[in-house]
Amino acid sequence: MQPNLISRIPVLCRLSESALSLVAGLLGALLTTGFAIWFLKAENEYVIGFLVALAVAVTLSVSRLGGLDHVGRAFKEHEKLMNGAAVCGVLALAAVFREDHFTLLMISIVLLYMLAGLGLTIQFGYLGLVNLSGASFLGVGAYTSAVLLAHTAVPPLLVLVSGGVMSALVGCLLVLPVLRTKGHYSAVVTIAFAILFMSFLQVNDTLGGPQGLATGEMALFGWGFNTGVELENGFYASFYLNYLLLALTLLVIAFALVKRLERSWIGLSMDAVRLDETAAACYGLSIARWKVVGFTLGNFLIGMAGALYAMMLGFIAPANFSFGDSLILVSIVLLGGIGNPWGLAVAAAIVVILPEKLQMIQEYRFLLFAGLVVLVLLFRPDGLLPRGMRTYIPGGGARS
Amino acid sequence: MSTSDVLLSCEGVTRRFGGLVALDQLDLEVKRGDILGFLGPNGSGKTTFFNVLTGIYDFSDGQAHFAGENISKHSAQAVYRAGIARTFQRSRMCLSLSLFDNIMVGNHKHLNLGLGFNLFRRGAFARDYEQRYEQARELVRVFSPNLADRMSEAVGGFPMLDRRRIEICRALISQPKLLLLDEPSAGMTHEETHQLMGDILSVREHTPELSIIIIEHEMSVMERITDHCAVLNFGKKICEGTYQDVVNNPQVREAYLGIE
């Protein structure tokens with residue numbers, strides 16, 4: 001390993017370590033955005049295959065040269081700037097593909113899966129509660145929003161929140177049997193719930209049964225989201241852009257809150273509960289309290305993602321919320337790095353976009369992801385971007 | 001001995017596991033500022049006593065009063081809040097968390113756990129954090145100045161001696177009245193044990209009010225630090241007194257060495 005080859009490049013050695021990391025971080029963000037545009041534009045399967053290989057090769061070699069350490073450091077020391085760069089990257093993608101329905105839809109789904117993944121991060125990453133019914137909670141939010149928009153005059157923004165609240169409430173009931181068990185029994189309880197929820201949707205005629213039902217649109221201040229923007233000078237933007245921007249806004253807020261949660265006494269308490277319940281109890285931590293709080297917060301985020309997902313798709317059916325989708329959600333968390341929100345971004349992009357672009361692997365995607373998860377667990381057991389040490393105060397406050 | 005000096009008093013504490021009586025009618029008193037050594041062969045019920053006292057197991061019979069409060073029905077959480085902190089025989093630390101994090105787990109009862117405070121009032125949180133960080137650092141420094149400079153390192157990377165020190169710091173940070181040490185020297189060399197006992201004595205100098213019950217097999221340790229000792233065998237207390245009294249007691253010799 002030659003960790004710091006990059007810092008030996010003549011022009012760069014005059015910069016301080018920290019500034020060097022920032023340059024590396026911003027460069028990384030720029031390259032990633034550029035690559036994403038290229039990748040999303042590509043149509044030919046061979047080109048796409050080449051791009052995947054290129055991405056893997058470049059990542060591995062940059063990592064060899066110590067470049068990734070610099071990027072990691074940039075995220076640590078210049079957090080606000082780097083967060084801003086990431087948001088700008090998504091906005092750049094949105095601007096480039098503003099007319100392209102399908103690509104915008106795909107990016108929005110990535111963002112919503114990340115939002116749901118943040119919920120799972122609280123549950124699984126911090127508390128250690130395995131939730132194998134993520135898609136069901138997504139479904140609770142989705143069906144809540146469909147019913148509320150169809151039958152009531154609740155403003156759509158409140159519908160989003162209601163989707164989250166409903167999902168959190170259902171989760172509160174479900175967590176009761178989980179509290180009586182230790183270890184990974186929450187997996188069993190949530191699998192049971194996933195099956196129960198699926199059967200409930202299939203037989204429930206009011207909710208459309210297996211055929212599903214149409215949902216209303218999102219609207220803000222009387223402006224419907226399902227109409228694209230068309231200006232006289234020829235500017236046109238797909239209506240999916242509206243949803244993308246809203247999903248991004250929700251994601252940014254949720255991301256900031258989850259980060260703050262981790263960097264607080266609450267995050268510490270959740271970690272302590274996950275790592276050793278007996279020792280935690282001997283130091284006054286109420287195991288039940290933290291499990292309820294964490295499970296509820298997580299399901300709130302998942303439910304809200306589901307509510308917006310339903311509005312964006314315009315039509316939902318039980319098949320959208322199958323057990324397989326729950327596994328996809330969990331694999332995003334595992335692949336990305338348990339407990340690291342940034343890992344979700346990488347993993348959600350791989351898991352959602354890759355099979356859409358590479359249609360030939362569509363049928364084999366579960367096989368592919370299963371293989372990928374096994375490989376990652378073998379060679380990088382903490383995920384592609386493992387969670388680092390907790391820094392309570394980002395930037396200056398942390399001392400070593 | 002006036003009753004106000006007594007911090008912990010146990011009467012007839014019994015714990016049964018099915019037909020097995022792990023603790024049989026144990027009476028015990030600990031005075032404020034006292035260091036009580038707990039002796040006995042393996043399986044004699046020493047750790048069971050700690051587990052019953054700290055609410056991990058229920059009392060089958062008998063009761064315990066701590067600082068005037070009946071704690072025999074208390075949950076583990078309530079026992080901690082009343083002022084009893086413990087370490088574990090098999091060190092139970094959060095190995096992936098930092099030294100500071102581990103110590104803060106022990107300070108749970110003093111932490112503000114409100115959602116509003118932790119998520120939205122970050123300025124106030126930062127001030128709280130700074131203060132607690134300094135407090136934890138001061139405590140760690142009593143044990144080892146070297147450790148005080150490594151507060152943000154993962155505990156998994158420290159040797160056993162340091163882990164034991166950190167575990168004791170975790171127990172002390174909440175300023176308990178009674179500290180239960182369950183075989184702190186387990187898995188350490190003679191030299192390390194010696195150092196750790198030095199640390200415990202210096203803690204005692206800093207906080208003369210603190211009472212300690214220590215389970216230990218290393219006799220030299222017991223001789224050096226305890227004020228008096230109690231010996232258990234098959235869940236029964238067979239002897240109590242100063243270290244010298246206890247080691248010369250024929251029943252104790254029999255329990256340890258068998259009948260000649």
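Among contacts in chain A between residues at least 6 apart in sequence, 78% link residues at least 24 apart; two residues are in contact if their C-beta atoms, placed from the backbone, lie within 7 Å. This is a predicted model, in which local features need pLDDT of at least 70 and side-chain atom pairs count only at pLDDT 80 or more, while totals for chains, interfaces and linings use all residues. Residues are numbered from 1 along each chain as its sequence is written, and chains are lettered from A and ligands numbered from 1 in the order in which they are written.

**Chain A as a whole**

- You can find 16 helices and six strands in chain A; helices (H or I, at least four residues) and strands (E, at least two) are DSSP runs, numbered from the N terminus.
- A compact globule of 400 residues would have a radius of gyration near 21 Å, and the 22 Å of chain A agrees with that (taken over C-alpha atoms; the rule is 2.2 Å times the number of residues to the power 0.38).
- The C-alpha trace of chain A spans about 70 × 70 × 40 Å along its principal axes.
- Of the 400 residues in chain A, 44% are buried, meaning that 20 or more other C-beta atoms lie within 10 Å of the residue's own C-beta, with C-beta atoms placed from the backbone.

**Two domains in chain A**

- Chain A splits into domain 1 (1–96) and domain 2 (100–399), with bounds from an automatic or database domain assignment.
- Their C-alpha centres, those of domain 1 and domain 2 of chain A, lie 26 Å apart.
- Where the two domains of chain A meet, ten residues of domain 1 are in contact with 13 residues of domain 2.
- On the domain 1 side of chain A, helix 3 (45–64), helix 4 (67–77) and helix 5 (79–96) each supply at least two of the touching residues.
- Helix 5 of chain A gives the largest share of that side, five residues.

**The sheet in chain B**

- In chain B, four strands form an open antiparallel sheet in the order 2-1-4-5; two strands pair if DSSP finds at least two bridges between them.
- Strand 2 (20–31) and strand 5 (69–70) of chain B are at the edges with a single partner strand each, so one side of each has no neighbour in the sheet.
- Strand 1 (residues 6–17) of chain B is joined to strand 2 of chain B by eight bridges, and the two run antiparallel.
- B:Cys10 sits opposite B:Leu28, which is in strand 2 of chain B.

How values were computed. A residue is buried if 20 or more other C-beta atoms lie within 10 Å of its own, exposed if 12 or fewer, and partly exposed in between; C-beta atoms are placed from the backbone.
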